[in-house]
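Here is a short tour to read with the structure open beside you. Take it one heading at a time, and keep the viewer handy.

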Amino acid sequence: MFQSVATRSIIPVGLAVTGFVGICCLSLYGIMKRDMVNDAAQHGRNIANTVVLSTRYAMLHNDRQHLGNIIANIGQHQGVEHLRVFNHDGVVTFSRNQSEIGHQVNKQVEGCSGCHSGSKPAEQLAAEKQTRRFTNERGVQVLAMSQPIYNEPTCTTSCHYHPASKKVLGMLDIGLDQGPLQNSLALMRYRMLVFTLMTLVLTVGGTAALLNRSFFIPLKKLIAVTSTHEESDSVKQLESGYGELSLLARNYHSLLSRLHDTRDALARCRSCNKEKGGGES
Amino acid sequence: MTTTDTGKPQTPEEQRSALQASIRRWRTRSHQGLWAIAAFAGVSIPAMLSDRIFPPLTPEVKRMLGTPPSSNMISALLVVYAFSAILLVLGRITNASPKMVSFSHIGYLICFYAFYYFSGVLPENFWAVLATGMTILSLESYHIWSLSMSRIREEEEELKILERRIGFRG
């Protein structure tokens, strides 16, 4: 089976096309997924920045109730899994979840280790270290952003002030549900899979079907007919077509006819010789 | 009549033994592609579990290695490598080239695994590298197998003719 012309023609090309289309789809999916995840992270950082800017006035005036209301209201938004503000010592001062208030976070956990991994805490946090992904206790995939709250000149001169020596006053930590992103990725995967399958069916399947119809089936008939060494109607059917196989069938038919004519002539010659030999004796 | 290394013509028995040994060598060689696929699968398992097996790179190592290429560039290079490798192997199949390449592809694919790992994006791109390796090695394996089978058929025909000549009854 693996030695036939059909197999040797279709298998390498089918394998090459299937493999290459699969490789391109997987690479493209990886690139698009990375772009979508990066966009989601940037969107999350923008939200975190917006929350920090929104709470700035309340912080400057030490209006803790107003600040708590802002945190609670934004935290109720669909898609927000957690929203909390840490102070300089890592104690949760404001949170969507009231039970977290007053707890101190472990500085070595992911999300805090970006700045606190060394002996001296870093004063600036790079964008990629601001984001982290994990699954929370409810089994929800979360994209969390940590936005430092930097000390500004107005923070040292307002009615609620911090000393200028403190560079970072606290941290805003917001976690967003990745469910919609995962659903979009799953939908994209499904669409790419359908497109790939359709492309493969058209290219490999279509080529195989056309080859089968126009070449392999007539070739099988020709092989069957030439195996018998007898003239038959099948040869005439093959001759009536067009293309190289029909030409081959016509050539074969012509060869067969000449062979039969030659045999007939030889048989006649032999019978003539026998009659002559019998007459002379 | 074929000659031995010393220049003397080979006897029919020697020719027969030589043909049988050659057929055995071709049969062994015909499985070379499958061994390459198995070796690549073996290499791919630690790549798949890289985040669990290998410790994270220390900052000193990262500094020594320098900035890795972007993952988009590595993916583009992977597609170009796959395209050119597939074209080359299809060319060898079409021309029935005696050149058999299999294990060298494993080296290139390990490099892709390494580049993705050092860029920190191996989990997202593992399947692309695996698909590339399986496609190329499957084509190479098919080429090696079909070439070996055709050589085996030719030599078996020669062996039959030789055995008929020396009147050998198997």
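## Where the chains meet

How many residues does the contact take from chain A, and how many from chain B? Chain A gives 16 residues and chain B gives 21 residues. Keep in mind that this is a predicted model.

Look next at what chain A brings to the contact. The side of chain A that touches chain B has nine nonpolar residues, along with four polar and three charged ones.

## Strand β1 and its two partners

Now turn to chain A and find strand β1, residues 80-87. Strand β5 of chain A, residues 168-177, pairs with β1(A) in the antiparallel sense, and seven bridges link the two. Strand β2 of chain A, residues 92-95, also runs antiparallel to β1(A), joined to β1(A) by three bridges.

The bridge partner of A:Arg84 in β5(A) is A:Asp173, while in β2(A) the bridge partner of A:Arg84 is A:Ser95.

What do β1(A) and β2(A) form together? They form a hairpin, with four residues between the strands. One residue in the turn, A:Gly90, has a positive phi of about 80°.

Is A:Gln104 buried or exposed? A:Gln104 counts as exposed, because it has 11 C-beta neighbours inside 10 Å.

## The form of chain B

Chain B has seven helices and zero strands. Its pattern along the sequence reads α-α-α-α-α-α-α. The radius of gyration of chain B is 23 Å, well over the 15 Å that the globule rule gives for 170 residues, so chain B is more spread out than a compact globule.

Along the principal axes, the C-alpha atoms of chain B fill a box of roughly 75 × 30 × 30 Å. Of the 170 residues in chain B, 24% count as buried. For contacts in chain B between residues at least 6 apart in sequence, 85% join residues at least 24 apart.

Conventions:
Residues are numbered from 1 along each chain as its sequence is written. Chains are lettered from A and ligands numbered from 1 in the order in which they are written. This is a predicted model: local features need pLDDT of at least 70, side-chain atom pairs count only at pLDDT 80 or more; totals for chains, interfaces and linings use all residues. Two residues are in contact if their C-beta atoms, placed from the backbone, lie within 7 Å. Ala, Val, Leu, Ile, Met, Phe, Trp, Tyr, Cys and Pro count as nonpolar, Asp, Glu, Lys and Arg as charged, and the others, Gly among them, as polar. Two strands pair if DSSP finds at least two bridges between them. The radius of gyration is taken over C-alpha atoms; the globule rule is 2.2 Å times the number of residues to the power 0.38. A residue is buried if 20 or more other C-beta atoms lie within 10 Å of its own, exposed if 12 or fewer, and partly exposed in between; C-beta atoms are placed from the backbone.
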